[in-house]
Structures are given as C-alpha cells and as structure tokens.
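Q: I would like to learn how to read salt bridges and helix packing in a model like this one. Could we go through it together?

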Amino acid sequence: MGALCAALPFAHPLVPNSLGNLGSLFETFLPWTVALLLPLTLFGVYRRAPLVLVGVVLVAVAWPVRFGGVLVDKQEAGGELIVVSHNVGEDNPDPAGTARRLADTGAQVIAVQELAEEARETFHRALPARYAHHTVHGGVGLWSTYAMTGAEPVEIMPWPRALRATLATPKGPLTVFVAHLASVRVSPVHGFTTGRRDDAARLLARAVTAERPGRVLVVGDLNGTADDRALAPLLRGLTSAQDVAGDGFGFSWPAGFPLARIDHVLARGIRPLSAGTLPGTGSDHLPVTASFTF
C-alpha cells in the first residue's frame, strides 16, 4: 500500500477516466496525496508494524521528489508587465472594493470572470482612470492601461464565456484571451462531470492555436488544474506562470481554504518573472497575478 501511494503522484495518467472521469478528479487534487501519510502512519502505529513505516518512508520521499520543485521560490524581481486575473464571484457583495484591490496591485492588465451584469458599471467606476481601455462579454471582462483593438467574444459555449483582444504594449502587440470554462460537479451517480468543460477547453485551445505567432496571454478560471489531462490541449505551447515563476502551489479555490489551482495565467512569447495569489475579496476564488518581461 505504501508503494502504491508513493507511485500515485507519478502514475496518475494511468488512473482511467472511463469510470466517472476518475483520472481527472484525482489529478485535480494530486498534491494532496501527501495526506496519505497520516492514515499509513496511524495504521503502522496501531498494528505496531515496522514494515508499514517503510511504506510511510516511501510516500515521504516520493512526494518531495514529485513536488519539491513547486515549493522552491522561483520568483525574480522586476518585470515590465503585471497581470491580474480574478473570478470575482457573481454574488460578490463588494464589487467596487474588489475592483480597487485589484487595481492596487499596479497591474497593467486586469481580467475578470463571473462579473454579474448589475455589477459591471460599479466595478468599472471603481477602477482608476488609467484603465481607460476595456471590453466585457457576458461575465468575462478585460481592463487595460494599454490601447485595445480587436476585442471580440470567443465561442466556447452557447453563451459568452471567453473573449479575445489585442493590447498595444510599448514592446509590441500582445493578444489576451480571458476565459471562464464550464463548471464541474461531483455526482455519486455520474462521477466527475466535466463534459461541458472539456468541450469548452478544446474550443478555446483551437482558438489559441489558430492565433498568429506572437505574444499571447491566456488567463481565467479554467475549472481545472494544470495536471488535469483534459486541459492538456489548451496548455500545449503555453507556459504556466505559477509553475515556472511561482512560490508554492498557488492554490486559488476555494478562497477560505484553497485546495486547487483552477485559476491560471498562461503565456507564450513573454517570460514570467513572478506569480502567486493575492488576498481574498468577496469571491470564493483568490485573485492570481503574474509579472512578465518581454
């Protein structure tokens, strides 16, 4: 059992999705395999079985081998571009305060998801005048200090859940995709229901892949982690800012006790220097941020 638990962080692609998308569900919480140490240890103490403690050691060694690099602080100072992305929560009781807190980061680009229609104007008015360029489609929005062109929705679902726009940065054009993939649920009958999210991810991946060569950002609530195999087509060719320039796992949901990083800042053609989460707002997600150099 100890050997099996130690192998899980590495062998997760072998967990099948044919039964209720069990593989994707397991990959969503992959770092939490460390929790297997507790029952193994308690079982070993209860049975007074030294052999069980060998299994405990296997897990204790395997986990840092798999995830130790994530915990290393890879952040660098500086950066020419700061990006903030936040699922602000449709029921957010303080959209104005949330907007001000995002602006206080000094970001040149603010992307939001799940912005309630009745909160749009409040959110916009609360942002400083420097965010003069913006676009909103459905519940996803983009505010920028840079001039914006080509703003349009990206069809990933029957209603607006993604947009695309090009920003005129001092170093040249930067195309930004903001997306909120379909929600997922865990059902005792149907398992991990990800079908609509997976379909939306494939459509978004197709749009990003079709984008002409150049600098690209893909940000938003993807309702899945970077380990989830269903998001592999979307992540292909993109760099996760948290993975290469973060300090820790960057768990963003749920805000009260974050268990998974389902909010992402992904890039192509620009180099991440730092990444992480920000303090909570009135949302059930934490904001995520990253800085880049061109």
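Q: Is E27 buried or exposed?

A: The model is a predicted one, and in it E27 is buried, with a relative accessibility of 2%. The cut-off for that label is under 20% relative accessible area.

Q: Which residue does the side chain of E27 meet in a salt bridge?

A: The partner is R229, with 3.0 Å from N to O. R229 itself is partly exposed, at 26% relative accessible area.

Q: Where in the chain do R229 and E27 lie?

A: They sit in distant parts of the chain, 202 residues apart. E27 belongs to helix α2 (residues 22–28), while R229 is in the loop between β10 (215–221) and α8 (232–235).

Q: Which residue does D228 meet in a salt bridge?

A: D228 pairs with R197, again described by an N to O distance, here 3.0 Å.

Q: How far apart are the closest N and O atoms of D243 and R261?

A: They are 2.7 Å apart, and the two residues form a salt bridge. Because D243 is in helix α9 (residues 241–245) and R261 in the loop between α9 and β12 (263–268), the pair joins parts 18 residues apart in sequence. D243 is partly exposed at 40% relative accessibility, whereas R261 is buried at 12%.

Q: How many salt bridges does the count come to?

A: The count comes to 10.

Q: Now for the helices. What describes two packed helices?

A: The general idea is to give the angle between their axes and the distance between the axes. Here, take helix α3 (residues 37–47) and helix α4 (residues 50–71): their axes come within 8 Å and cross at roughly 160°. That angle is why α3 counts as roughly antiparallel to α4, the cut-off being over 145 degrees. The crossing of α3 past α4 is left-handed.

Q: Which residues of α3 and α4 meet?

A: On the α3 side they are L37, L40, T41, F43 and G44; on the α4 side, V52, G55, V56, V59 and A60. Sorted by class, this contact has seven nonpolar residues, three polar ones and no charged ones.

Terms used
Residues numbered from 1 in each chain as written. Predicted model: local features only at pLDDT ≥ 70, side-chain atom pairs only at ≥ 80, totals over all residues. Heavy atoms only, no water. Axes fitted to C-alpha atoms, helices over the stretch in contact; angles between N-to-C directions. Helix = DSSP H or I, 4+ residues; strand = E, 2+ residues; numbered from the N terminus. Parallel < 35°, antiparallel > 145°, perpendicular 65-115°, else oblique. Left-handed = near helix turned anticlockwise from the far one by under 90°. Contact = heavy atoms within 4.5 Å. Nonpolar A, V, L, I, M, F, W, Y, C, P; charged D, E, K, R; others polar. Salt bridge = Lys/Arg side-chain N within 4 Å of Asp/Glu carboxyl O. Buried < 20%, exposed > 50% of the residue type's maximum accessible area, 1.4 Å probe, protein only.
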